[in-house]
Amino acid sequence: MSNRREKLLSAEKIFERSMRLVYLLKFGASWILPPGLFIILLVILIFYLVRINLRLSFFVALGTLIFYLLCTGLVADFCMGNLEKVYQPPEQVESVGADVIVLLGGGAFRDVQDVEGEGTLASNAASRLLTAVRLQRLLNLPIILSGGQVYSDSGAEAEISGRILKSLGVPEEKILLETKSINTTQNAIYSAEIMREKNFQKPLVVTSAFHMRRAVLNFSRQGFEIIPYPTNFTVSQNPEFHYTKLRPQAEALLLNVTVMQELLRTSVTQVTGK
């Protein structure tokens, strides 16, 4: 019994060491690849500038620090986490009284071969669709698919989503297509037209958690008090610190840029209504 316990403890120690090595390798690799490599080059530039122009070196150092922080998972967890916490999915969605589901688009590709036909959804849109399908099956509500073809080389999103929904067993009579919108403002405008035509009053709107604040604002401008159902969460709701979150990552930078884009676009909508 004692030998077995010693073997188990030895195995646990080996596993812990291997995990520490994995984390260490990840941390180190992030400094020899962009954006970590760029940060190191900027630090070298700062040391060079200190000898030439102290004031300029200060501003370059400040910019480098800001850039580094925006590249860390620690800052991404904080910024994106606060944005995604603005709205939470209803705990008892069956009791909210929704009479229609509205799925907002998130990108599509027209020339990618899918399981059934050509054209597929981008990752954000696919994640939203998965939630919408599950809600439709649970609530047996009609679903409005909102999203047109944004660019000449992108997909007609509502049509692609409709094809996928039918392949997943959603009845065709439950699917309504809104194919004209190319942004969130138009998502709300054209979806509102369908809802008024069909006399829907309480839409359950499905979109990415980081996008929900702007969606609520746009639908409220159309006179609809929506029931938000955020999905496609990108960070933990209760993140824990780990030193690897201090390594520079392109993924973290993208999350922080997404937050800044959402704040900017929400502000533009508040000011201009577009």
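Trainee: Which helix gives the most to the lining of the largest pocket?

Mentor: That's H9, with 6 residues. Keep in mind that we're looking at a predicted model.

Trainee: Okay! And which other elements supply at least two residues of that lining?

Mentor: Besides helix H9 (250–272), there are strand E2 (108–114) and helices H5 (123–139), H7 (184–198) and H8 (212–221).

Trainee: How much space lies in the largest pocket?

Mentor: About 840 Å³. It is lined by 32 residues, and the closest to the pocket's centre are Gly105, Gly106, Ile182, Arg214 and Arg265.

Trainee: How do the lining residues divide into nonpolar, polar and charged?

Mentor: You'll find 18 polar, 8 nonpolar and 6 charged residues there.

Trainee: Switching topic: how many residues has the largest nonpolar core?

Mentor: It has 25. Ile143, Leu165 and Leu204 have the most contacts inside that core.

Trainee: Which element does the largest share of this core come from?

Mentor: H5, which brings 6 residues. Other elements that supply at least two include strand E1 (100–104), strand E4 (143–146) and helix H6 (157–167).

Trainee: What does Ile143 touch, leaving out residues up to four places away in sequence?

Mentor: Its partners are Ile101, Leu103, Ala132, Gln136, Leu165, Lys174, Ile175 and Leu176.

Note on methods: Residues numbered from 1 in each chain as written. Predicted model: local features only at pLDDT ≥ 70, side-chain atom pairs only at ≥ 80, totals over all residues. Heavy atoms only, no water. 1 Å grid on protein atoms, 1.4 Å probe; cavity = no way out; pocket = protein on both sides within 12 Å on 5 of 7 lines; lining within 4 Å. Points joined across faces, edges and corners; volume = space filled by probe spheres on them. Helix = DSSP H or I, 4+ residues; strand = E, 2+ residues; numbered from the N terminus. Nonpolar A, V, L, I, M, F, W, Y, C, P; charged D, E, K, R; others polar. Core = buried A, V, L, I, M, F, W, Y, C linked by side-chain atoms within 4.5 Å. Buried < 20%, exposed > 50% of the residue type's maximum accessible area, 1.4 Å probe, protein only. Contact = heavy atoms within 4.5 Å.
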